[in-house]
Amino acid sequence: MRSKAKKASTQRWDKGSKAVKPPPEKRNLRIELLWLLPALVLGFLVYANALRGDFVLDDQLQILRNTLIQDGSQYWRALTSDVWKGFGGGDSNYWRPSFVIWLILNFRSFGFEVLGWHLASVLLHLVVITLAFALLRRLAVSAPIAGAIVLVFAVHPVHCESVAWISGAPNLILGMALLGSLWFVNLLGEKKTPLRWALAIGLYLVALGAKEIAILYPLIVVAVLYRGDRDSGEKNGSWARILSIVWPFVAVGAIYLITRRLILGTTARFAEGGASLWETILTAPAVFAFYFRQMIIPFRIEPWYPLRAVTPENIGVSNFIIPLVVTIGAGWWMIRMAKLSKIARIGLALFLIPLVPAMNIMAFGPENLVHDRYLYLPLLGFLILVVPAFTSLLQRIGDERIARQSVLVFLVAMIVSVPLAAQTVRYNRAWTSDLALAEWGTRSDPNSAENYQRYGAALLDAKRLEDAVAALNRSIEIAPTASTYIVRASALIDQHRFAEAELDLRAVISQKKMSAYALYRAYRDLAVCLENQGRTNEAIDTIKQGRIRLPHYTAALTGKLLSILSRAGRKNEALSELNAVRGQARTESLPESRLLLCGLGLLNLELGHPEDARAAFVEFLSVTQAMQTPGIKQARAEAEIALRNLDRQDPR
């Protein structure tokens, strides 16, 4: 009796999740598009107010100051290095060549026209929606149910961080590549051809180059290919068939891991001040419960959340017991559903497997344990679980025709999408500028030192100096960090409070463990403080000390030395310094390094060396022809004017 009941339950589930798949050749493309079109239209409209947003957060560094994506001669270096190397940032866990290619293509297409960048992200989101619909139809999900799933997916506010934020594109690229690869994997399960293999593995490589979590993709492949003996009638050979398709993806993943380690020099880096293994285990239920809540009730949607690691000292009902109950209950339900249907197994795999790495909070800073962007693919998997289950429930309650129930589910999805879309439109406003985002962040997590640091930096850019210093003081009160001292020093310099800024910068330089870019800023700004206090020789010595400690920033620091020596009347000494590092100026990652060549031309012109000046200007214009940062653009204009004047004097 129990086995019959289980079989009947399985049949009801399968009816609710499949809903009569006609032969592919009999499908009406127009009807298919009718079910997909609402998701595409709303998926575009909800992000219309994000199209005019600025470059924010990482965009400033990975795009505006990234010389490797702007200089064609540096493309190979960009593809074979850490994503943060383009602006001289510190080491990280991120080698993402697919994302770098995306940045290069967008930069070549749009330059710094931010509308084009945002439009490209939104269109990529629409591609993911289309692929999700196509894959669901391929997996025998009815058109109305597939349309309902992608409609909610299209407008859900947890996607704002991936779509409205330009640097959230790795999630979009990952989603596009994995769903495309799964399409061809499904075809490989029917018949293996070289073209299908090439496309499936090629798209998997794209996914690996977008985000590291793609290494777990073979597990999703197993879920797609697996058919229970009851469903397939296969007594033997089912796992052999699966492994024959999975093993090439495992091999590609292994090659990727080896290559990644060779490029980054390590397998993984853990965040400074991050959680311990025991704290990670204790916090896992809270993290899972957070993501589960965000998918179901995204009432509170923020750029940063006040969730902190659970420790033996702060463990309690709200941060451990309740999340543990939610985790166990949700896990039990999802596993139970996955046992009843293949589509549910695929949904569980798409939900859980990409989310597992996000549970490893050891890799995150203490104030950055959760982010909505990690839900981009998991939300699709969750909807693949929930929407067919809701359809099956309607069938059991009403015992009506599947087609009618499927249409009803689609109508329910339309209704649900309205508040979700409204929340998305509202939250997009946070991503329109650094200041808007920082203000939102301080409201959402007022006890975060990082949030107040970002707020102070944004206020500094807006020239609200008093407010900036106050915000940075608050950040230091919560948790003093070297980066906050550097930003506060910049605000103090703008207020001509050079002695106070000097104290902050010396505190930074005295630290032994610092990112190279932070140290570069500290040495550069300390020299500014000293020069403005009339201590020119100390300023020069500071720059020279910085060059010894930071050899990869020699040209950029020498550019600052040029201005100090020139103002001190030591122009011949400055010329000697610039000529000594001229070669390094062409390849250093910071935009300021290239400016040294323009400075060399201007100095030669001033000292009466027209031919040397001409050569320096020509070289500068050559190595910066694709670069568009404000400083570079202004220097290029000066160099072009200087060259025209030289040509008039000596037309030859």
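**Aromatic pairs and salt bridges**

Reader: Hi! Let's start with Phe55: buried or exposed?

Author: Phe55 counts as buried, because its relative accessibility is 8%. Buried here means under 20% relative accessible area, exposed means over 50%, and partly exposed is in between (1.4 Å probe, protein chains only). A note on the basis: this is a predicted model, where local features need pLDDT of at least 70 and side-chain atom pairs count only at pLDDT 80 or more, while totals for chains, interfaces and linings use all residues. Residues are numbered from 1 along each chain as its sequence is written, and side-chain values use heavy atoms, with hydrogens and water left out.

Reader: Thanks! How many aromatic pairs does the structure hold?

Author: There are 23 aromatic pairs. Rings of Phe, Tyr and Trp (its six-membered ring) pair if their centres lie within 6.5 Å; planes under 30 degrees apart are stacked, over 60 edge-to-face, and the rest tilted.

Reader: Why is the pair of Phe55 and Phe112 edge-to-face?

Author: Because the two ring planes stand at 75°, with the centres of Phe55 and Phe112 6.5 Å apart. This pair links distant parts of the chain, 57 residues apart: Phe55 is in the loop between α2 (29–45) and α3 (58–64), and Phe112 in the loop between α6 (97–110) and α7 (114–138).

Reader: And how far apart are the ring centres of Tyr427 and Trp440?

Author: They are 5.4 Å apart with planes at 65°, so this pair is edge-to-face too. Tyr427 is in helix α19 (residues 402–428) and Trp440 in helix α20 (residues 434–444), so the pair ties together parts 13 residues apart in sequence. Both Tyr427 and Trp440 are buried.

Reader: Which residues do ring pairs link into a cluster?

Author: Phe55, Phe107, Phe112 and Trp117.

Reader: Switching topic: how many salt bridges are there?

Author: The structure holds 27 salt bridges, each a side-chain nitrogen of Lys or Arg within 4 Å of a carboxyl oxygen of Asp or Glu. Among them, Glu531 meets Arg567 at 2.8 Å, N to O. Glu531 sits in helix α25 (residues 516–532) and Arg567 in helix α27 (residues 554–567), distant parts of the chain 36 residues apart.

Reader: Glu531, buried or exposed?

Author: Glu531 is buried at 16% relative accessible area, whereas Arg567 is exposed at 57%.

Reader: Last one: how many helices and strands in the protein chain?

Author: It comes to 32 helices and zero strands. Both are DSSP runs numbered from the N terminus: helices are H or I, at least four residues, and strands are E, at least two.
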